[in-house]
There are 2 protein chains.
Amino acid sequence: MSGPGTSGPPAVWSSSGRQAPPVPSSAAEAERRALTALTRLVEPPCPPLVRLVEAWGACEVLERIASDDPAAALPPDSSGGAGARERRERWRQRLGRVDVDRDLALAARSGARLVVPGDGEWPAELADLGDDRPLALWCRGAALDARPARVAVVGARAATPYGEHVAGTLAGGLAQAGRSVVSGGAFGIDAAAHRGALLAGGTTCAVLACGVDVSYPKGNEGLLRRVAEHGTLVSEYPLGTGVTRGRFLDRNRLLAALGQGTLLVEAGLRSGARSTVGHARRLHRPVMVVPGPVTSPASAGCHVELRRGDAVLVTCVEEVLDVVGQLGGDAVADPSDPHLRRTDALGPDELRVWEAMPLRGVLRVDELCGAAGLTAPEVLGRLGALAARGLVQPEGGGWRRT
Amino acid sequence: MSGPGTSGPPAVWSSSGRQAPPVPSSAAEAERRALTALTRLVEPPCPPLVRLVEAWGACEVLERIASDDPAAALPPDSSGGAGARERRERWRQRLGRVDVDRDLALAARSGARLVVPGDGEWPAELADLGDDRPLALWCRGAALDARPARVAVVGARAATPYGEHVAGTLAGGLAQAGRSVVSGGAFGIDAAAHRGALLAGGTTCAVLACGVDVSYPKGNEGLLRRVAEHGTLVSEYPLGTGVTRGRFLDRNRLLAALGQGTLLVEAGLRSGARSTVGHARRLHRPVMVVPGPVTSPASAGCHVELRRGDAVLVTCVEEVLDVVGQLGGDAVADPSDPHLRRTDALGPDELRVWEAMPLRGVLRVDELCGAAGLTAPEVLGRLGALAARGLVQPEGGGWRRT
């Protein structure tokens with residue numbers, strides 16, 4: 001970041017105008033301020049910017065964007081040098097509208113904070129998104145649990161009483177089992193899931209397609225406030241950002257990434273919730289689907305997902321927990337404890353899947369079924385539990401030991 | 001068969017008492033009379049008797065059973081010589097109650113006929129049952145179609161209006177697509193399936209756990225009469241036989257064997273219809289399952305079957321036909337036509353599966369998925385169509401070219 005008196009460009013990301021920003025209390029704070037600014041420059045996901053921040057840090061990237069010096073041009077990335085220059089020029093023009101101090105004042109007023117990589121509550125599993133990961137997350141409410149104990153519960157806005165009943169029941173059961181229920185804060189299944197978790201006295205997390213200070217939809221204003229009180233509102237969008245159709249779809253990748261698994265409760269053929277399921281598949285996260293009457297258009301999308309053959313049909317919370325792994329005392333044992341072998345805490349079926357995996361190399365789920373003598377839903381469930389313990393990881397179309 | 005004047009045992013299977021039976025009009029007729037007698041001696045399935053009849057013919061077997069001469073003992077079979085002698089003695093004692101002429105009179109009165117292997121309407125697919133195949137079938141109504149165009153539609157007696165609606169709709173659609181709907185003539189899903197096929201002007205087949213002249217359950221008397229008028233009542237039990245719990249379960253193997261595939265519409269956890277699904281799996285026939293609300297105990301068994309991962313979730317008749325194969329003009333083209341290559345009539349996906357199969361050797365469904373680039377439900381559907389054309393057959397846990 002250009003300090004006072006340098007010949008660099010004016011630091012336009014402060015409300016003090018074309019002046020250098022106040023010297024931050026620490027390098028970490030400076031990074032946080034720079035990320036606050038950067039989230040105003042791009043519509044996420046923005047892989048080129050994520051790559052630059054990863055390489056140089058947010059302060060350095062912001063300084064280079066702000067520089068008048070053509071020699072401070074950003075390095076070419078995979079999309080080519082010319083594209084990178086144009087992009088940098090676009091970002092640079094937007095710098096004029098950035099005001100970090102105003103954002104911080106807005107944040108203070110709405111009780112929001114920017115959570116950035118490296119923070120204790122930064123969800124490590126977002127790394128699976130690769131360059132599609134968010135630069136940072138705006139959060140309101142309780143600290144996010146860094147432990148992967150979240151389940152995404154998604155479904156149609158146009159839900160039926162059946163779907164809302166099932167979503168609420170399953171979310172309540174998950175909350176009672178110590179899981180945080182992640183959903184999108186929308187009407188229908190989302191609202192039923194948040195409500196079910198809250199009613200069970202558990203925690204829930206609403207990932208929004210707008211700023212965490214924006215109440216959308218209006219009808220869920222009270223529910224979102226209760227989520228902020230007992231759980232967390234999360235968004236990668238700057239404060240005050242409104243929703244768009246594209247943002248709902250982009251937001252869905254965060255739902256899928258934050259959940260250890262994604263549970264689809266009710267979805268019509270064209271429901272946006274199915275895009276969350278698509279993201280979960282791409283992330284090699286288990287997909288669970290609740291069936292419904294074949295006469296109900298609100299379940300037609302669920303049935304299409306089940307017919308693909310790579311989702312697990314679930315009917316009760318026990319079956320969901322079978323897939324995402326039980327969270328016993330053992331499961332959260334400190335893996336760094338040198339007296340604990342990595343596999344000491346495994347249940348018998350988890351051990352069977354673990355032992356079916358080669359020391360090196362990747363096996364597909366169907367191969368693991370054969371090797372472990374378990375069905376596909378069973379193997380997927382154990383893989384989820386093993387992944388939660390950091391013992392296995394998806395790779396290509398299969399799984400390997402870490 | 002011992003003729004008049006031989007020194008052999010009296011022919012006790014005729015109502016003319018301990019006299020030789022009337023000379024039958026042909027050897028085939030003699031076999032049919034002998035089979036009529038044999039079905040009175042055993043509770044099917046009876047692999048030892050099936051093996052004997054296959055080896056020697058029914059007349060010869062009956063004669064040896066009837067013989068007073070210990071030298072006419074039946075040959076030992078896999079269960080050992082002593083067991084075979086005891087069994088032969090048991091059968092011999094029952095011969096006294098056998099009266100073929102009375103059975104034939106009963107048959108004439110109720111419009112029933114005995115269909116035996118070799119008859120034009122004998123369902124060739126029963127051969128897949130191996131030694132568990134029935135010795136013969138009592139039938140009332142239309143001739144059975146020897147072409148494998150049957151789908152078993154089964155489910156719970158304690159069905160809901162949802163299940164009955166879906167069963168009726170799917171059965172009607174199958175009937176309109178030229179399929180015969182095979183079911184068990186019971187209350188609930190069975191009745192809805194028969195009714196749906198009849199209402200669509202199609203054909204249907206009730207496989208009973210009692211004689212085809214017995215109306216069970218009484219409440220379905222009218223329905224069973226209509227099935228006999230527009231379709232066929234089928235049973236391996238002699239005329240006048242009543243139902244038992246064991247007979248329902250044994251009957252289920254015939255349902256599974258007569259259907260190219262088995263469709264389970266609604267079943268509680270302990271529904272007997274799930275045993276039909278088990279038989280279909282053992283016969284390597286596709287299993288299709290209709291999901292329902294997870295809140296409905298009447299669908300809980302369906303969901304367990306779907307969670308196994310080897311059944312296809314279906315929601316409409318098109319999806320059922322995808323699994324059991326479309327019955328176009330091509331599909332029923334005479335395979336003996338020398339101008340027609342065996343694969344000329346195949347659709348593009350059928351051809352992909354066909355070409356994915358090695359000239360020799362067996363592939364599992366998951367291997368075929370990879371080789372053909374299709375999902376498991378798609379591959380199963382194409383295999384069904386290819387099997388219907390006699391191009392492929394199940395073997396072990398996989399499929400091979402015929």
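**A buried glutamate and its partners**

Let's begin with Glu305(B), which is buried at a relative accessible area of 4%. Buried means under 20% relative accessible area, exposed means over 50%, and partly exposed lies in between (1.4 Å probe, protein chains only).

Some ground rules. This is a predicted model: local features need pLDDT of at least 70, side-chain atom pairs count only at pLDDT 80 or more, and totals for chains, interfaces and linings use all residues. Residues are numbered from 1 along each chain as its sequence is written, chains are lettered from A and ligands numbered from 1 in the order in which they are written, and side-chain values use heavy atoms, with hydrogens and water left out.

Back to Glu305(B). Which residue forms a salt bridge with Glu305(B)? Arg274(B) does, with the closest N and O atoms 2.8 Å apart. A salt bridge here is a side-chain nitrogen of Lys or Arg within 4 Å of a carboxyl oxygen of Asp or Glu. The pair links distant parts of the chain: Arg274(B) sits in helix α10 of chain B and Glu305(B) in helix α11 (residues 300-307), 31 residues apart. Helices (H or I, at least four residues) and strands (E, at least two) are DSSP runs, numbered from the N terminus.

Now Arg281(B). Helix α10 (residues 273-282) of chain B holds it. Arg281(B) is buried too, at 16%. Setting aside residues up to four places away in sequence, Arg281(B) touches Val287(B), Glu305(B), Arg308(B), Asp310(B) and Ala311(B). Contact means heavy atoms within 4.5 Å.

Next, a pair in chain A. Arg92(A) and Asp68(A) meet in a salt bridge through their side chains (2.2 Å, N to O). Arg92(A) lies in helix α4 (residues 81-94) and Asp68(A) in the loop between α3 (58-66) and α4, so the pair ties together parts 24 residues apart in sequence. Is Asp68(A) buried or exposed? Asp68(A) is exposed, at 53%. Arg92(A) is partly exposed, at 23%.

**Where the two chains meet**

How many residues does each chain give to the contact? Chain A gives 22 and chain B gives 21. Together they bury about 1700 Å², 67% of it on carbon and sulfur atoms. Buried area is the accessible area (1.4 Å probe) that two parts lose on being put together, summed over both. In chain A, Val294(A), Arg307(A) and Leu313(A) lose the most area to chain B, together 39% of what that side buries.

The rule finds 2 salt bridges across this interface. Look at Arg307(A): it forms a salt bridge with Glu319(B), the closest N and O atoms being 3.4 Å apart.

**How the copies are related**

Chain A can be laid on chain B with an RMSD of 0.1 Å, by a turn of 180 degrees and a shift of 0.1 Å along the axis. That is the relation of a two-fold axis. Copies are superposed by least squares on the C-alpha atoms of residues with pLDDT of at least 70 in both. The same surface serves both copies: 95% of the contact residues of chain A recur in chain B. Which residue of chain A comes closest to the rotation axis? Gly292(A) does, at 2.4 Å (C-alpha).
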